[in-house]
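This report describes one protein model for a reader who has not seen it before. The sequence and structure come first, and the description follows.

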Amino acid sequence: MLSVAVVGGLHADARRQAVERLLTDVPGAVALHHDLATAAKGTVVRTVRDRTGIVSAGEAPLVNDCACCALREDLVPELERLAADGVTRLAIVELWDSVEPKAMAEVVASAGLRLTGVITAVDPALVLPYLGNGDDLADAGLAAAATDQRTIADTFARQLEYAPVLALADSQEADGEDRALLAQLHPTARRVPIDHPSALGPEAHIPSPLATAALAGFDVESAAAAQHPACALLPAEADECGVSTLVWHRSRPFHPERLYAALEELACAAARSRGRFWLADRPDTLLHWDAAGGALCVESAGPWMASLPDAAWDMVPPVRRAAAALDWHPEHGDCCQHLVFTSPGLDRDGLELLLESCLLTDGEYAAGRTAWKRLPPAFDTLLEV
């Protein structure tokens with residue numbers, strides 16, 4: 001049965017190295033790649049290659065003026081063709097630079113294909129430069145559609161944090177700080193060196209660590225839950241090689257005006273920050289915090305579990321109920337602040353003081369929810385209300 005592994009990442013050289021390693025180490029492997037750089041001409045170029053070179057090539061027309069849509073429409077039929085030939089053991093879906101693995105993994109899984117791995121290829125020396133790059137993908141020629149408004153930083157962060165396996169390029173420029181940053185950003189990831197072949201070579205049919213990871217199996221639902229704001233698997237406290245991760249957890253809501261006034265400073269306080277937070281004027285709404293490259297995205301992620309009627313709890317996935325139980329407060333349920341900041345040179349004390357200053361004071365807190373809802377709605381514009 002055909003196995004499918006998705007390999008992506010903005011670090012193009014590392015990504016190509018990882019794909020070449022898999023083609024070398026897995027007998028019967030082919031790599032399927034859609035080049036979105038030709039989208040301006042109205043097509044997406046598809047190539048299929050094995051370890052000896054290109055096997056076939058073709059073009060797919062744009063769908064709704066969207067290169068990513070064309071990729072989705074063309075990908076599944078090509079994978080089904082490879083599955084039907086009975087020869088291909090592993091289809092490596094090599095994503096174009098800015099394509100995010102989550103969307104493509106879900107496309108593959110929803111088609112009933114056997115998705116066995118999702119890998120993001122990383123050059124450790126480039127992690128901080130990419131996380132700090134707030135340029136739009138469009139300005140860098142990496143937009144996947146005319147309406148693509150993503151930045152390099154936020155795209156790279158999602159590519160990095162979604163994949164359970166990180167394929168690491170052998171970078172002589174990388175130092176301890178780079179590796180500590182990578183480890184703290186995604187502590188649960190399996191980090192596999194790209195240049196670690198099978199000790200006995202491909203002829204022995206003993207897979208390399210990267211090949212083993214590509215065939216290990218992948219659960220789309222679990223991966224999605226690990227990224228969902230309500231139950232995200234966030235990094236833990238850490239401090240190594242000048243890189244720190246601050247986990248800030250409180251059970252009192254933010255004052256909307258004071259938090260809004262501090263947003264720019266908070267967004268720039270760390271290379272990466274994310275989590276969920278609680279606003280006093282929206283006490284029933286779980287809000288998502290997602291910052292990289294000095295830019296912050298804030299959006300509603302639905303109601304807190306504490307705001308749901310008891311009858312609705314059975315319709316909520318078990319992982320969400322478990323996450324709520326971990327945060328449960330006798331008075332507020334799962335409503336809380338759970339923000340994580342990771343960066344070299346993090347000013348932990350200053351950051352904590354700033355965050356604390358944005359919470360309701362004792363007097364404001366004691367006034368209760370009715371009074372909280374009358375506070376100035378400073379976040380209406382950001383949340384497009």
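A residue is called buried when its relative accessible area is under 20%, exposed when over 50%, and partly exposed in between, using a 1.4 Å probe and protein chains only. The model is predicted, so local features need pLDDT of at least 70 and side-chain atom pairs count only at pLDDT 80 or more, while totals for chains, interfaces and linings use all residues. Residues are numbered from 1 along each chain as its sequence is written, and side-chain values use heavy atoms, with hydrogens and water left out.

**Helix α5**

Helices (H or I, at least four residues) and strands (E, at least two) are DSSP runs, numbered from the N terminus. Helix α5 is mostly covered, with ten of its eleven residues buried. Among the buried residues of α5 are Ile152, Asp154, Phe156, Leu160 and Tyr162. Asp154 counts as buried at 18% relative accessibility, whereas Arg158 counts as partly exposed at 28%.

**Salt bridges**

A salt bridge is a side-chain nitrogen of Lys or Arg within 4 Å of a carboxyl oxygen of Asp or Glu. The structure holds 25 salt bridges.

| Asp154 | Arg158 | 3.1 Å |

Asp154 and Arg158 are four residues apart in helix α5, so about one helical turn separates them. For the pair of Arg258 and Glu364, the former lies in helix α9 (residues 256-267) and the latter in helix α12 (residues 362-366), so the bridge ties together parts that are 106 residues apart in sequence. Arg258 is partly exposed, with a relative accessible area of 27%, and Glu364 is partly exposed at 23%.

Asp327 belongs to helix α10 (residues 318-327) and Arg276 to strand β11, so their bridge ties together parts that are 51 residues apart in sequence. Asp327 is buried at 13% relative accessible area, and Arg276 is buried at 4%. Elsewhere, a network of salt bridges links Arg15, Glu20, Arg49, Glu94 and Asp97.

**Pocket and cavity**

On a 1 Å grid over the protein atoms alone, a cavity is a set of points where a 1.4 Å probe fits but cannot get out; a pocket is an open set with protein on both sides within 12 Å along at least five of seven lines, and lining residues have an atom within 4 Å of a point. Grid points are joined across faces, edges and corners, and a volume is the space filled by probe spheres set on the points.

The largest pocket holds about 690 Å³ of space. It is lined by 27 residues, of which Arg158, His288, Asp290, Cys297 and Glu299 are the closest to its centre. Elements that give two or more residues to this lining include α5 (152-162), β11 (272-277) and β12 (285-292). In the classes used here, Ala, Val, Leu, Ile, Met, Phe, Trp, Tyr, Cys and Pro count as nonpolar, Asp, Glu, Lys and Arg as charged, and the others, Gly among them, as polar. The pocket lining has eleven nonpolar, six polar and ten charged residues.

There is one cavity of 30 Å³ or more, and the largest cavity holds about 50 Å³. Its lining includes Arg276 and Asp327, along with Ala230, Leu286 and Trp304. Helix α10 gives the most to this lining, with four residues. By class, the cavity lining divides into five nonpolar, no polar and four charged residues.

**Nonpolar cores**

A nonpolar core is a set of buried Ala, Val, Leu, Ile, Met, Phe, Trp, Tyr and Cys residues joined through side-chain atoms within 4.5 Å. The largest one has 56 residues, and Val4, Leu36, Leu79 and Leu115 have the most contacts inside it. Helix α2 (residues 67-84) contributes the largest share of this core, seven residues. A second, separate core of 24 residues includes Leu259, Leu266, Ala291 and Leu383.

Contact means heavy atoms within 4.5 Å. Not counting residues up to four places away in sequence, Leu115 touches Val4, Val6, Ala105, Val108, Gly217, Phe218 and Val220.

**Leu287**

Leu287 has its place in strand β12 and is buried, at 0% relative accessibility. Leaving aside neighbours within four places in sequence, the contacts of Leu287 include Arg276, Glu299 and Leu383. The C-alpha atoms of Leu287 and Arg276 are separated by 5.5 Å, although these residues are eleven apart along the chain.
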